[in-house]
Amino acid sequence: MSVLPPALDKLASLLARLPGIGERSATRLAFHVLSEPAGYAEELSSALSELSDSVGFCEACHNIAEDTLCKVCRDPGRDSHIVCIVEGISDLMAIERTGSYRGRYHVLHGVLAPLKGIGPSQLRLENLQPRLTADGVSEVIVATSTGVEGEATALYLARLLATSDVSLSRIATGIPHGGDLEYIDATTLGRALDGRRPLDF
């Protein structure tokens, strides 16, 4: 039985459902909200309410959006002939921070994980092939993670799109900038060697 007041206990329970937040951290966060000026809790409540009312997912790429299409899909300056497939929105944001990609995206909202009961039907794949055809996409970049589940998802996508008239590529993996070879794992080092490119001078 909890010794916390019901309202505080409910807040802690809800916060504990967030990824990466355990019971102790949730309780600390709940106490923090309580210790802030009264207006903070009201602002937080208002922001959460506004989030559920005004933010959804893009009908085309499944990115976050305030309308039927997200900012990327609405941007006429983006190259609609290139689509980068990512696992989640945080991956999309990471690629955007590089400033080097000007195509569009397709967000899967997960990866294949049979042991967790996640198969193709749990991923946002239903509109992928029709979208590639309708938009005249010529290249698809698969940017899933390099772990077992990400690789399995990349392989599935390769098979799924094998009959499409698109050029299919996989993001390169290798040595991080500033990394020392002696500390790099064998798999990463092997992929760096396989993905070598001409040395320009």
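Reader: Let me start with one side chain: what is the relative accessible area of Glu 96?

Author: Glu 96 has a relative accessible area of 28% and so counts as partly exposed, where buried means under 20%, exposed means over 50%, and partly exposed lies in between, using a 1.4 Å probe and protein chains only. This is a predicted model, in which local features need pLDDT of at least 70 and side-chain atom pairs count only at pLDDT 80 or more, while totals for chains, interfaces and linings use all residues. Residues are numbered from 1 along each chain as its sequence is written, and side-chain values use heavy atoms, with hydrogens and water left out.

Reader: Okay, and which side chain does Glu 96 meet in a salt bridge?

Author: Glu 96 is paired with Arg 78 at 2.8 Å, N to O, a salt bridge being a side-chain nitrogen of Lys or Arg within 4 Å of a carboxyl oxygen of Asp or Glu. The two partners are 18 residues apart and link distant parts of the chain, with Arg 78 in the loop between α4 (71-74) and β3 (79-86) and Glu 96 in helix α5 (residues 89-98). Helices (H or I, at least four residues) and strands (E, at least two) are DSSP runs, numbered from the N terminus.

Reader: And Arg 78 itself, buried or exposed?

Author: Arg 78 is buried, at 7% relative accessibility.

Reader: How many salt bridges does the count come to?

Author: The count comes to six. Among them is the pair of Arg 131 and Asp 135, at 3.8 Å, N to O, in which Arg 131 is buried at 7%, whereas Asp 135 is partly exposed at 31%.

Reader: Which residues are linked in a network of salt bridges?

Author: That network links Glu 151, Arg 170 and Arg 191. Within it, the side chains of Glu 151 and Arg 170 meet at 3.5 Å, N to O.

Reader: Switching to the inside: which residues of the largest nonpolar core touch the most other members?

Author: They are Cys 58, Cys 70, Cys 84, Val 86, Ile 95 and Tyr 105, out of 17 residues in that core, where a nonpolar core is a set of buried Ala, Val, Leu, Ile, Met, Phe, Trp, Tyr and Cys residues joined through side-chain atoms within 4.5 Å. Two or more residues each come from α4, β3, α5 and β4 (103-107), and the largest share, three residues, comes from α5.

Reader: What does Cys 84 touch, then?

Author: Leaving out residues up to four places away in sequence, Cys 84 touches Ile 95, Tyr 101, Arg 104, Tyr 105, His 106, Ile 141 and Ala 143, with contact meaning heavy atoms within 4.5 Å.

Reader: How many aromatic pairs does a search of the whole structure find?

Author: The search finds one, given that rings of Phe, Tyr and Trp (its six-membered ring) pair if their centres lie within 6.5 Å, and that planes under 30 degrees apart count as stacked, over 60 as edge-to-face and the rest as tilted. The ring centres of Tyr 101 and Tyr 105 are 5.2 Å apart and the planes stand at 65 degrees, so this pair is edge-to-face. Tyr 101 is buried at 12% relative accessibility, and Tyr 105 is buried at 1%.
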